[in-house]
Amino acid sequence: MAEISAKVVMALREKTNAAMMECKAALKEADGDLEKAEVILRKKGTIKAEKKADRQTKEGIIASYIHMAGRIGVLIEVNCETDFVARNEIFQAFVKDISLHIAAANPKFLAREEISEALIAKEREIAADQVKGKPEAIAEKIIQGKIDKIFSEQCLLEQAFIKNPDQTIGDFVKSKISELGENLVVRRFVRFAVGEDLSA
C-alpha cells in the first residue's frame with residue numbers, strides 16, 4: 001500500500017471537488033494512482049454531487065432544536081431544490097442532525113468566508129509572535145496550521161461532525177446531496193444558550 005501524501009489528496013480534491021476523506025479513501029483504494037482514484041469517485045457518485053452545487057435552492061425548511069431541557073436552542077434554515085425533498089424524512093433527519101451538532105459544537109460562523117480579514121490578520125499576528133526565531137518556511141507552516149485550526153473549530157462546515165468525527169459537516173452535506181439527488185445548502189443558523197454573554 002503506497003503512502004498517500006496530503007499533496008496528492010489535495011490534487012485529487014482540486015480536480016474533482018470531492019470531500020477530503022473521500023479523496024483519501026479513493027487514493028488508498030487506487031494505491032495512490034490519481035487517475036484511478038478519480039474513476040473510483042465517479043463510480044461512487046461522489047463527483048455527481050459536486051455538479052449539483054450550482055443549482056438553485058429556493059425550497060427547504062426552517063427548523064428548531066431545543067437541547068438540555070430548554071437551556072440551548074438552535075434555529076436553522078437549510079435549502080433544497082424542491083418541496084418534495086423538503087418534506088422528505090431523510091432531508092428532515094439531516095437538518096435535525098446538523099441542528100444537534102450546532103447545539104453541541106457551538107460554531108461561530110457558517111463558513112470561513114464569514115470570518116473578517118481583520119480577525120484573521122490579528123490571529124496571524126499572534127501566531128507569528130509565537131514562532132519568532134524559527135526558520136521562515138517552518139514558521140509559516142505553523143502559522144497556517146493555527147489559522148486552519150480556527151477554521152475547523154469555529155466554522156460549521158469545517159467542524160468534525162459529532163456523530164462521525166472522521167467527516168466534516170461540509171462532507172456530510174455532500175453525502176446527502178448524493179443521496180437525495182438535489183443541491184442542499186445550509187443557509188444560516190443561530191444558537192442561543194441560557195445566560196450567555198451577549199457583549200461579545
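A residue is called buried here when its relative accessible area is under 20%, exposed when it is over 50%, and partly exposed in between (1.4 Å probe, protein chains only). By that definition, 38% of the 200 residues in the protein chain are buried.

The model is predicted, and local features need pLDDT of at least 70, side-chain atom pairs count only at pLDDT 80 or more, and totals for chains, interfaces and linings use all residues. Residues are numbered from 1 along each chain as its sequence is written, and side-chain values use heavy atoms, with hydrogens and water left out.

**Whole chain.** Begin with the C-alpha trace, which fills a box of roughly 50 × 50 × 30 Å along the principal axes. Switch to a cartoon to find nine helices and five strands; these are DSSP runs (helices H or I, at least four residues; strands E, at least two), numbered from the N terminus.

**Domains.** Next, colour domain 1 (6–51), domain 2 (59–111 + 155–193) and domain 3 (116–153); their bounds come from an automatic or database domain assignment. The centres of domain 1 and domain 3, taken over C-alpha atoms, are separated by 29 Å.

**Largest nonpolar core.** Select Ile76, Phe91, Phe94, Ile98 and Leu184, the residues with the most contacts inside the largest nonpolar core, which has 26 residues. Such a core is a set of buried Ala, Val, Leu, Ile, Met, Phe, Trp, Tyr and Cys residues joined through side-chain atoms within 4.5 Å. Elements giving two or more residues to this core include β1 (59–67), β2 (72–80), α6 (89–105) and β5 (185–193). The largest share, six residues, comes from α6. Now centre on Ile98: leaving aside residues up to four places away in sequence, Ile98 touches Ile76, Leu156, Phe172, Val173 and Val186, where contact means heavy atoms within 4.5 Å.

**Second core.** Move to Ile4, Val9, Leu12 and Leu41, which are among the 11 residues of a second, separate core.

**Helix α5.** Select Asp83, which lies in helix α5. Asp83 is partly exposed, with a relative accessible area of 38%.

**Second largest pocket.** Finally, select Asn106, Pro107, Lys108, Arg191 and Glu196, which lie nearest the centre of the second largest pocket, among its 15 lining residues. On a 1 Å grid over the protein atoms alone, a pocket is an open set of points where a 1.4 Å probe fits, with protein on both sides within 12 Å along at least five of seven lines; lining residues have an atom within 4 Å of a point.
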